[in-house]
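Welcome, and thanks for taking a look. Here is a short briefing to read alongside the structure.

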Amino acid sequence: MFRLLETALRVEPLEGDGLTNVLHLVTLADGRKAVLRQPKVARDLPKFVVPGAPEVLAHNGRGDVLVEYVEGRTLADALPVSDVVWQRVGEAFAKVHGARLLHNDVNLYNIIVGDDHATLIDWDNPGQGNPLDELAAFEEHLYLHGAVLPPAFWTGYGHTPDLFLLRVHRIAGCIGWLASEDWQEWEDDRTLRPELLARVRNWRRLLTSWLADQLRTDLASAAEVAVLHDRQRPEDRHEHRRPQHSQ
């Protein structure tokens with residue numbers, strides 16, 4: 001596969017492998033640690049050099065990558081974290097967005113944190129787009145882990161966007177994700193461990209519940225606006241008026 005692996009001191013499965021990759025922790029001959037990431041389905045390599053991303057030590061045409069190992073814990077495992085760490089997470093996002101790039105897979109297992117650092121990992125699909133889409137997706141993944149974006153994140157990020165607009169992007173992104181083929185692909189993946197399959201099913205349930213709550217809230221708000229505008233409740237209005245658009 002890679003020449004660096006021929007002299008490796010140790011290659012062992014990495015606990016907590018992702019939904020789309022098989023991971024191994026590699027101890028190289030010179031003592032450095034690296035992660036061997038093998039996609040379950042062959043894919044093209046990223047086309048961008050990303051600021052702040054772990055160094056790629058080797059790769060091949062199938063999409064296998066040997067990448068620098070980052071010490072720390074995933075944000076998913078580390079929650080709750082200090083304001084200092086949240087600021088570092090915000091700074092990591094700002095560095096990428098400042099280069100007009102998106103990570104495009106900002107789930108909490110792709111963020112490694114320590115006492116005072118944060119690194120985005122697993123750069124399978126970097127691209128260009130609207131940073132609000134990525135921030136909304138990150139907020140959504142935090143929701144799936146029972147957390148919210150704290151003010152310290154925005155301090156590190158450098159500014160706070162329009163939160164109403166961020167919510168609109170999150171609703172649109174949630175609809176898009178629920179309508180995607182991801183869920184069926186995970187359901188059909190016979191290599192997926194039971195606990196990962198349970199995580200996927202719980203995520204889908206939570207997203208569906210959150211989206212339903214948003215739509216109910218929006219519809220209720222629209223009705224309230226109509227009541228205030230007309231100064232009467234819908235049930236008190238005369239029900240026999242002519243249609244506004246006659247035939």
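The notes below cover a helix and a sheet in this predicted model.

**Helix H3: length and ends**
- H3 runs over residues 83–98, and its 16 residues should span 22 Å at 1.5 Å a residue; the end C-alpha atoms are 22 Å apart, which agrees.
- Just after H3 comes Arg100, whose phi is positive, at about 60 degrees.

- The buried residues in H3 are Val85, Trp86, Val89, Gly90, Ala92, Phe93, Val96 and His97.
- Because these residues cover an arc of only 155 degrees around the axis, they lie on the same side of H3.
- Asp83 and Gly98 are exposed, and they sit on the face of H3 turned away from its buried side.

**The five-stranded sheet**
- Five strands form an open sheet in the order S1-S2-S3-S5-S4, and their pairing is antiparallel.
- S1 (10–13) and S4 (56–59) are the edge strands; each has a single partner strand, so one side of each has no neighbour in the sheet.
- On average, neighbouring strands of this sheet are turned by 25 degrees against each other, direction ignored.

**A look at one strand pair**
- S3 (residues 33–39) and S5 (residues 65–68) run antiparallel and are joined by four bridges.
- Opposite Val65 in S5 stands Arg37.

Definitions and conventions
Residues numbered from 1 in each chain as written. Predicted model: local features only at pLDDT ≥ 70, side-chain atom pairs only at ≥ 80, totals over all residues. Heavy atoms only, no water. Helix = DSSP H or I, 4+ residues; strand = E, 2+ residues; numbered from the N terminus. Expected span 1.5 Å × (residues − 1). Buried < 20%, exposed > 50% of the residue type's maximum accessible area, 1.4 Å probe, protein only. Arc of directions from axis to C-beta. Pairing = 2+ DSSP bridges. Axes fitted to C-alpha atoms, helices over the stretch in contact; angles between N-to-C directions.
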